Amino acid sequence: MAGRERAWRAAAAGLCLLLLPAFSGCGHRAPGTGARAEVQRVLDRRATALLGHDEAAYATTGTRTPYTRLRALPLAAWSYRITSLRTDGTSAEAELSYRVAGQDTAPVTARRTLTLSHTADGGWYVAAEGPAQGTGQQLWDQGPVSAVSGAHSLVLGTGQSTGELRGYARLADLAVPAVSRAWGARWARRVVVLVPRSLDGMAALLGSPAAQYRGIAAVTTAETPGAGRAPADRVVVNPEAYAALGDLGKQVVLTHETTHVATRSATTAATPLWLSEGYADWTGYLGTGRTPAQVAPELTRAVADGRVPDALPADKDFGFTGDPAGLARAYESGWLACRMIAERWGEEELRAFYRAVGAHRTRAGAVEGALKKVLDTTPEEFTAAWQDYVRAQLG
């Protein structure tokens, strides 16, 4: 085998050639037709032991590190499905599917890489497990998970004190009913918040460079494809940026992100970011008493300079490109558009407009159709009204 050592060992029955250094002892073989089924049975036993809180049984299937890190996570389901097995038997790719008890209505799925080896009697065991190449980490990949349950929330953290996690749960418990008052009760009405140790930990969970989220307090991510159902969302916090916020800012952030969880089933590829982010900000700032100038300082400066936007922001304007002022203006513009709809047409119409846009099969024509159907206006009339509203509120 190119680049790898061939070792010879003496045994009672003679000499045994070890083609795979990870295998120890005579009689070990490369994967045959039954190897995949054998490894799958090991993973099935591993999942059963984890769900049954049987650490001894879990240890017989391989490394117990995931077990010790997952002790605090309340699980309703956990299973693996092998998707590929290397011909040399050193690793496998698998789809992990799990549900957090009392939180997830649909399974969360994650692609995982399993490092495999053999027991002394020739059986299989898992030597290590981690995220598949090109995917984000799971929280337990970063260390032992701590959990705090709230009335409407579950906060999971690594490297965070129980007191810190309780602070997140307290604000999340306020966010959920606030979102329900704005959006309605037709959603799970609970939220899972992930709090890693640092910005780098947040980025690792999202599978993206840390620089992309610097200064971003939190994001909401759908962790599994929906297959016709809303996926299981997680609010992922950047503890460094979040800690720099005041009490109001922290509450607005968690209410904003919880809104994304609530609206997920109505948010599709047809939904522009100015609407999804604007609606989340509109919900986040409801009842805070903040004036438009306080909520939209960057857009206020632009208006003062005579730079009223020509159009509502495009999706690309919400990218984390290193222009924080431009990003802020995009969010502020979407917020004012949703605020204008709520004031002029009503909060019920704002919700109906959001749902109508998301129900369209394609992005093309989605906003135009919803404007006509729900608000009885055109894109040109709506844009002009929004520009006037921006001037009136911020001028």
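Reader: Where is D104 placed in the chain?
Author: D104 sits in the loop between β4 (91-100) and β5 (108-118). Helices (H or I, at least four residues) and strands (E, at least two) are DSSP runs, numbered from the N terminus. This is a predicted model, in which local features need pLDDT of at least 70 and side-chain atom pairs count only at pLDDT 80 or more, while totals for chains, interfaces and linings use all residues. Residues are numbered from 1 along each chain as its sequence is written, and side-chain values use heavy atoms, with hydrogens and water left out.

Reader: Why is D104 called buried?
Author: Buried means under 20% relative accessible area, exposed over 50%, and partly exposed in between (1.4 Å probe, protein chains only). D104 has 7% relative accessibility, so D104 counts as buried.

Reader: What makes the pairing of D104 and R234 a polar contact?
Author: A polar contact is a pair of N or O atoms within 3.5 Å; within protein, one must be able to donate a hydrogen and the other to accept it, and residues adjacent in sequence count only if both atoms are side-chain atoms. The side chains of D104 and R234 make such a contact at 2.8 Å. A polar atom of the D104 side chain also lies 2.9 Å from the backbone nitrogen of V100.

Reader: Where is R234, and is it buried or exposed?
Author: R234 is in strand β11 (residues 233-237). Its relative accessibility is 2%, so R234 counts as buried.

Reader: Why is T271 called buried?
Author: T271 has 5% relative accessibility, so T271 counts as buried. Its place is in the loop between α7 and α8.

Reader: Which residues are in contact with T271, beyond its neighbours within four places in sequence?
Author: Contact means heavy atoms within 4.5 Å. With those neighbours left aside, T271 is in contact with A266, S276, Y354, V357, G358 and R363.

Reader: How do you know that the span of α8 is close to the expected one?
Author: The expected span of a helix is 1.5 Å times one less than its number of residues. Helix α8 (residues 273-285) has 13 residues, and 18 Å is expected. From first C-alpha to last, α8 reaches 18 Å.

Reader: What makes α8 mostly covered?
Author: In α8, 11 of its 13 residues are buried. Among them are W274, L275, Y279 and W282. The buried residues of α8 pack against several helices, including α4 (162-183), α7 (247-263) and α11 (324-344). After α8 comes G287, whose phi is positive, near 75°.

Reader: What is the volume of the largest pocket?
Author: On a 1 Å grid over the protein atoms alone, a cavity is a set of points where a 1.4 Å probe fits but cannot get out, and a pocket is an open set with protein on both sides within 12 Å along at least five of seven lines; lining residues have an atom within 4 Å of a point. Grid points are joined across faces, edges and corners, and a volume is the space filled by probe spheres set on the points. The largest pocket has a volume of about 1,200 Å³. It is lined by 38 residues, and the closest to its centre are H256, E257, E277, D281 and Y331.

Reader: Which element gives the most to that lining?
Author: α7 does, with 8 residues.

Reader: How many helices and strands does the protein chain have?
Author: There are 14 helices and 11 strands. Of the 395 residues in the protein chain, 47% are buried.
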